Amino acid sequence: MTKLLGLIAGNGIFPLEVAKAARRRGIRVIALAHTGETDPALADLADEITWIKVGELQRMVEVFKRAGVQQAAMAGGITRSRLGASFAPDTRALAMLARIGRFSDDAVLRAVAAEIEADGIIVIDPVPMLDDVLAGAGVQAGPEPAAAQLRDLRLAFDIARTVGRFDIGQTVAIRDGVVAAIEAIEGTDAALRRAAALAGPGLVIAKVAKPAQDLRFDRPAIGPATIDLLGEIGAVMLGVEARKAMMLERERTLERAHALGVTVYGDE
């Protein structure tokens with residue numbers, strides 16, 4: 001691992017966790033933070049921070065090259081519903097989008113990574129820098145699931161993996177064998193609120209990586225806020241993929257699940 005890391009930061013706590021992990025290892029962090037998305041607290045964790053809008057691809061490369069960055073990582077997402085105000089593609093980004101011809105999350109992230117690597121900066125998976133962040137197998141927190149809940153979870157996993165082949169979303173909500181919601185452009189939280197509005201409490205939820213997903217970026221992740229939302233909507237179970245999904249702020253996440261009676265389950 002280099003002693004200098006370029007961090008392309010989106011929203012959520014993941015960018016903060018990556019920056020903290022880098023600092024613990026004596027790695028300097030050169031951060032690119034997205035206006036309106038990235039937590040301003042990142043400024044206190046990075047050695048340098050530059051605020052950009054989504055699509056300023058050439059500027060990203062120039063900041064990293066000027067700082068001597070040879071390895072970079074992406075952490076955190078971008079809220080699609082906010083793109084109208086924050087999307088400012090430069091000439092290089094427009095040319096990239098024209099080449100790929102589709103604007104799904106995975107296609108765009110792969111293309112951005114390829115552009116960065118074309119300038120000699122390797123895009124790495126930041127997860128190995130974080131200690132004990134991947135979900136384990138079986139019940140991780142909360143009560144033992146009932147047989148009916150496990151059947152719902154199996155169905156949710158099957159559906160999520162099937163629609164994931166089309167790069168649609170990562171999350172499916174089921175209640176009593178009926179699909180309540182499949183995540184699309186609105187994002188996980190909005191999809192779960194929609195599911196609860198339609199089906200009520202008792203939801204079983206799966207959050208799954210897409211079959212061809214590049215796990216260097218957009219890896220499925222849960223955290224305390226995820227569990228709090230599940231408690232708010234009365235969901236009973238959340239399934240993730242063992243050794244693939246991230247459990248950010250693990251201790252707090254599991255404590256919240258125990259407190260709220262939400263089963264967190266790692267599927268093998």
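User: Leaving aside its neighbours within four places in sequence, which residues is glutamine 170 in contact with?
Analyst: Quick background: this is a predicted model, where local features need pLDDT of at least 70, side-chain atom pairs count only at pLDDT 80 or more, and totals for chains, interfaces and linings use all residues. Residues are numbered from 1 along each chain as its sequence is written, and side-chain values use heavy atoms, with hydrogens and water left out. Contact means heavy atoms within 4.5 Å. With those neighbours set aside, glutamine 170 touches Ala160, Glu183, Ala206, Lys207, Val208, Lys210, Gln213, Asp218, Arg219 and Pro220.

User: Is glutamine 170 buried or exposed?
Analyst: Glutamine 170 sits in the loop between α6 (147–164) and β7 (171–175); helices (H or I, at least four residues) and strands (E, at least two) are DSSP runs, numbered from the N terminus. Buried means under 20% relative accessible area, exposed over 50%, and partly exposed in between (1.4 Å probe, protein chains only). Glutamine 170 has 7% relative accessibility, so it counts as buried.

User: Which side chain does the side chain of glutamate 186 make a polar contact with?
Analyst: Glutamate 186 lies in the loop between β8 (178–182) and α7 (188–199), and at 30% relative accessible area it's partly exposed. A polar contact is a pair of N or O atoms within 3.5 Å; within protein, one must be able to donate a hydrogen and the other to accept it, and residues adjacent in sequence count only if both atoms are side-chain atoms. The glutamate 186 side chain reaches the backbone nitrogen of alanine 184 at 2.8 Å. Its side-chain partner, at 2.4 Å, is arginine 194.

User: At what angle do helix α8 and helix α9 pack?
Analyst: Axes are lines fitted to C-alpha atoms, for helices over the stretch in contact, and angles run from 0 to 180 degrees between N-to-C directions. Under 35 degrees is roughly parallel, over 145 roughly antiparallel, 65 to 115 roughly perpendicular and the rest oblique. For α8 (residues 224–233) and α9 (residues 250–260), the axes are 8 Å apart and the angle is about 15 degrees. That makes α8 roughly parallel to α9.

User: And how does α4 lie relative to α5?
Analyst: The axes of α4 (residues 91–100) and α5 (residues 105–118) come within 10 Å and cross at roughly 125 degrees. So α4 is oblique to α5.
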